[in-house]
Structure formats: C-alpha cells, structure tokens
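Me: I have a model open and want to learn how to read its features one by one. Please give me the general idea each time, then the case at hand.

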Amino acid sequence: MKRTTYCGLVNESFLGQQVCLKGWVQKRRDLGNLIFIDLRDREGIVQLVFSQEFEPQALKIADQLRNEYVIEVSGIVVRRADEEINAKMKTGTIEVEAHQVNILSKAKTPPFYIENGIKVADDLRLKYRYLDLRRPEMQQAIILRSKILQAVHRYLDDQDFINIETPYLTKSTPEGARDYLVPSRVYPGHFYALPQSPQLFKQLLMGAGFDRYYQIARCFRDEDLRGDRQPEFTQIDLETSFLTAQEIQDLTEGLLKKVMQNVLGIEIKLPLPRITWDEAMNRFGSDKPDTRFGMELTDMAAAVKGVDFKVFQNVLQKGGQVKAIVVPNGADHYSRKEIEAKQDYLKRFGAKGLAWLKVTADGFSGPIAKFFKDQVAEIKAAAGAKVGDLILFVADTRKVVADALGYLRTNIAHELNLIDESKFNFLWVVDWPLFEYSEEFHRYIAAHHPFTMPNEEDIHLLDTDPHQAHAQSYDIVLNGYELGGGSIRIHRREIQEKMFKALGFTKERAESQFGFLLNAFDYGFPPHGGLAIGLDRFAMLLSGKDNIREVIAFPKNSKASEPLTNAPSTVSVKQLDELGLEVEDD
RNA sequence: GGUCCUAUGGUGUAGGGGUCUAUCACGCCUGCCUGUCACGCAGGAGAUCGCCGGUUCAAAUCCGGCUAGGACCGCCA
C-alpha cells in the first residue's frame, strides 16, 4: 500500500476518497464492536473508525492495537455527523472508515505518554529521545529549526554568499574556551582540537577572495553547560570583505527579518535599535539586556548624597556607585524575608547587601527607612517611584552594581510576570571594550576575540592604555539572550602584532600559534568582518522554549553526557594503544 | 572547583520514626460496551521507598557517605 497523504493533512477535500495512511497509534477507544483509533504522524492526528458494520476483519485487528504500534490503514474519508465533530482537532470534522489495516510494528508500552506538556524527568526523556521526539511539540520545534535554516540558506544565497565548509579537526588555540581534543594516531602525543568557531578559517577565506562566506557550523567548547549552552552547538557563521560594521549589521538585519517573516510570519521593524555597551551596562546592568520591560537602573548617587547612611556614603567616597531599580507595585509582593533571600543570592555577584525601601503614602518603610526621612521626595523623584513601589538599592563597584541589579531586574520581572512573552525585542549592543581584565590570568584578555579591530582612534591605546580601547564589535541581542556577535577584524600584521602584545603574548608565541594568520596578512589581505548567530538559541527563542535542549535532536544533559548512547564512554586498551595514550586510574 | 535542591510501582506524586501489609492520579492487563475523542463500567497486576553504612527496640521517614539528576556561581576568546 502506498501512502496517500499524512494523517494531519486529511481534510474535507478528501471526502469520499479512499486514502492510505501510515503512522503511530496515539490512542485506542474501544467501544466493543466499534473502535476508534487516533493515528499520528509528523503532520498531526486523524481519527480512524473500525466497525463491525463495514469491515469485521479490520475490527479484529483494531482490537489488538496498542499505543505506539505502527500501522498502515486504508479506508474512506467521511464527514462526521454534526454532533460528532471534535472542534479541538484540526481534522475533527472528518474521520477515516478503516477497511483494511496492517500492523507494521508492535510496541511496548512507552515509559512516558507521547503527548505535549508531559511532566517527566529530563533524563528519562533523553534516554528515550526517539520517543520524546515523537511528541508534537518536539516535532514542531525541530521543524521550526529546519525552517530557520531554510530561510537563512535562501537569504544568504540571494545575497551572493558562498557556503564553504571548514575543518572540524583543527589546531588548538590558547585563548578562549577549553578545547575538545582529538588524539592523532599518526602523530602520537599530538592532538587536533575541535573548533570553538571557524573564526580563523573564515578570515583566511576572505584572504582567499571569496568575499562573502557563510556556513552552518558546528562549534565545540568544553565548558560547563547551562540552559542556553551545550558543548556542541551550531552557528550561522558569516564573513564579508570590504564592508563596514554598519553594512554587516544591515545585512544581518535583513537576515533576521527574513527568518522572522518565513518562520513565524512576524514583521520586525528595521533598523533595529542600537545602544552602546556602556549604555547597556548603565541602564540594564547587562551586556545583553532584555528590553521587553522597564525597571531600568537609575543612578541614585545625587539623591542619597545627604543621607546619613554609612554604607552608601562609604561606597560613594571610594568612587563606587549607588544605583536602584524600582519594582512597580512591588511593596506588597515582597516580604522582608523574601527580599533578604534575594540579598543572600546577590552575594554570589559580590554584593555585600541589598538596601530597600517600600514607598508608602507618608514616606518610606523598611529597616533603613529612618535614614531617608528627609530625602523622601528627592529619592522618589530620582528613582521614579510612586506609592506602593519597592525600591532596591545596591551600592558597590560598578561591576557589582550592574551584575546584582541586572540579575534582580530580570529575576523579578519573571517572578511578577512583567514580561510580554509575545514580543521579540532585537537589539544591537555596540562599541564594546576591546579588553577585559582576567582575575584568573592577571592580565587583559580579549573581550570578543584577539582578532577584533579596535576603533581607529583607539589603536594608539594598544601601546599605552589597552583597557581604554574600544572595539569595532557588535552583539545582536534578543529578549535578554546573546543571539550572536561579530566584529570588524584586524587585517594588518602590525595591528595584529600589537594586539597579541597587549594580550601578553611573546613574539615567539604569537608566531607559533598564529603565524599562519600573520603570514597571510602579508599577501594582500582585504579588510573584512563578519558575525555569527547562535542557531540553537535562535530556535529556542522562536519556539518559546527555555532550554536549547528542546531544539536539539540529541543534546547532552547538564553533566555533558548523553543518556541515550551513554557517551562519553571508556574505550578499549587497543584503541588507546594505537593513539599512544594511557589512562591513569584514580 | 563551589553552593543549593531532588531521588517512593511504567510515569507523576502523598507520606518527615511505630497505624506503611505505602496514598492518589495516569498508564498497563482481563472482561463488558456501536459514536468515542480526558470514552465509560467491573475486576486485576505492578514498589527489595537510588545505593552503602550509622543512630534506634523500631527507618521510606533521622544522620553520614556514595551514585545519578536538576538549578546556579565560577568557566563560556
């Protein structure tokens, strides 16, 4: 029997026709000499009817069917009587009178029900991922991801980008994340590294004259996992020659617009909003602000100047900041105990305390309200607070204030449901610092990566005040997630060498690690730049999920293992021998 | 590397020293049922309470360790 159509696509245009369907038994409702089967495939569910009246033989087989059996069935599409219509089903006005049915595959009872919204431990879902992926919401998420890719391929092809693959077995580089290493059999003791990104290759492709490159590239980083981080993930990676940062951003906006149109049918307004990194940190306490709600950070230094509250005064004297966020109508939502719990949480960002005031009709309430009696109007005005609001203050260094209040801002917005989930707020964050200080290494490290071009007017700072320099880099942010980022790259040897020097590389080390890039710069290298978008995060956000596992067919669990195949696993001594490796016992 | 949380039939859970011979729902099995779609009705099976040790007359319950998982900090150019 050849399949006529998908279950979910049977509609009134098939009325009276014979169809052949193949799929999985979603549900059997056995009424004796009348049996209903919901049959499921990737497009949806349709109801089959088996009856003594029209085919006793088929009814007998239907009696044996159980959930998740794979069957093929042929029958006639008929309209349901009015009172039998199921308005909840896409195919609810019709059903298929089954005349012939074959069991293609029997099934054990699955460990969880194949339906949306199941409440099951993630590990069990991953162990039986092939069952989990049968669930309609998973199918939709994976299909949505595919649609994004389709739109990306079409758009970039239209824009004359060339799709080029770069190696997965490549060279370990010192900066950045921990590498996944692959031992070489041919050169014992030598290792390939899986790419953290195709960065250097795509730059070399610009040197090769391809002008516009893109790739759907798998990237590997051996760091701990988070809801939005997997050890292997996919980037929509692109690079162009001769374009300005603005032009690259324009191209990217066109790409995002196309994806939003094709995948969700949503029109986004271009150009996208754009703020500097400084502004993002000052207003939102984050380099990837969620702009779907307010509660911005306000500087309270001036307003609390005369307040006899030592904590604030000490911080201000030391050159620190006193900033606040206002929780609208927050006074009733948070008890003293709850606020103190948040204060405890903030310790992990280095915050020593969380000062708070509830705005009442006659001033402030709360344990420190007494210090602020004389500045009620001033503080209310500065914070933009009204009666019933809760004002939360953090006084500390700039970084601690931003981290702590930035966290509180999003945490509270989620708790109080202040976020319009239907919004897709794209935002460029531009003009990043070129370097950030690493406590671990006691030196400056690249904020983006070591190949990022400084602002022209900051190039001289590389020799004198590197931490003052800003970069020609840009991140695209969506709803508080770093969706992607890119930069104009360095394409001249002397600037790249200055950069390596500022990063604390010796000339020899720069030469041995990145000599091939520096050499390439000597042979006529075009100015270039590009960007990479995290496909997994993009798909996660467009499908309304809160973990990228939900849009990856076979992800790792939060301990970086994969319960389905049990990777990683030990290997035989023979395999290790061939690689010249030995595993130490603990 | 660190902090916190969780572990009870197939699944999700209740139970926080004796009443547990372990609750409920879904699922599963058998029978009945011709208009169900959360089908219904009647009956049934299914759990060494994650593992090891300790406290106690007595441990699913308290304590310690381990294992597995989850969230977060660090880490993620």
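Me: What share of the contacts in chain A with a separation of 6 or more comes from residues 24 or more positions apart?

Reply: Contact means heavy atoms within 4.5 Å. In chain A, residues 24 or more positions apart account for 67% of the contacts with a separation of 6 or more. Keep the ground rules in mind: this is a predicted model, where local features need pLDDT of at least 70 and side-chain atom pairs count only at pLDDT 80 or more, while totals for chains, interfaces and linings use all residues. Residues are numbered from 1 along each chain as its sequence is written, chains are lettered from A and ligands numbered from 1 in the order in which they are written, and side-chain values use heavy atoms, with hydrogens and water left out.

Me: How many helices and strands does chain A have, and into which domains is it divided?

Reply: Helices (H or I, at least four residues) and strands (E, at least two) are DSSP runs, numbered from the N terminus. Chain A has 16 helices and 22 strands. Domain bounds come from an automatic or database domain assignment. Here that gives domain 1 (7-105), domain 2 (138-220 + 241-274 + 425-532) and domain 3 (293-416). The centres of domain 2 and domain 3, taken over C-alpha atoms, are 38 Å apart. Along the principal axes, the C-alpha atoms of chain A fill a box of roughly 90 × 75 × 55 Å.

Me: Which residues does the UniProt domain annotation cover?

Reply: UniProt positions are given in the numbering used here, feature names are shortened, and annotations may be inferred rather than shown by experiment. The unreviewed UniProt entry annotates residues 144-555 as "domain: Aminoacyl-transfer RNA synthetases class-II family profile". In the model, the end C-alpha atoms of residues 144-555 lie 17 Å apart. The span is 33% helix and 22% strand.

Me: Next, burial. What percentage of chain A counts as buried, and how many residues of helix H15 do?

Reply: Buried means under 20% relative accessible area, exposed over 50%, and partly exposed in between (1.4 Å probe, protein chains only). Of the 586 residues of chain A, 48% count as buried. In helix H15 (residues 535-542), 8 of the 8 residues are buried, so the helix is largely enclosed by the rest of the structure. Just after H15, Gly 544 takes a positive phi of about 70°.

Me: How many salt bridges are there, and which residue pairs with Glu 137?

Reply: A salt bridge is a side-chain nitrogen of Lys or Arg within 4 Å of a carboxyl oxygen of Asp or Glu. The whole structure has 44 salt bridges. Glu 137 pairs with Lys 545, with the closest N and O atoms 3.1 Å apart. That pair links distant parts of the chain: Glu 137 is in helix H4 (residues 136-158), and Lys 545 is in the loop between H15 and helix H16 (573-579), 408 residues apart. Lys 545 is buried, at 17% relative accessible area.

Me: Which pair joins H13 and H12?

Reply: Lys 498 forms a salt bridge with Asp 463, the closest N and O atoms being 3.0 Å apart. Lys 498 lies in helix H13 (residues 493-502) and Asp 463 in helix H12 (residues 461-464), so the pair ties together parts 35 residues apart in sequence. Lys 498 is partly exposed at 28% relative accessible area. Asp 463 is partly exposed at 49%.

Me: Which side chain of opposite charge is nearest to Lys 258?

Reply: Lys and Arg count as positive and Asp and Glu as negative; His and the chain ends are not counted. Lys 258 sits in helix H6 (residues 245-264). Lys 258 is buried yet has no salt bridge; the nearest side chain of opposite charge is Asp 158, 4.5 Å away. Leaving aside neighbours within four places in sequence, Lys 258 contacts Ala 151, Arg 154, Tyr 155 and Asp 158.
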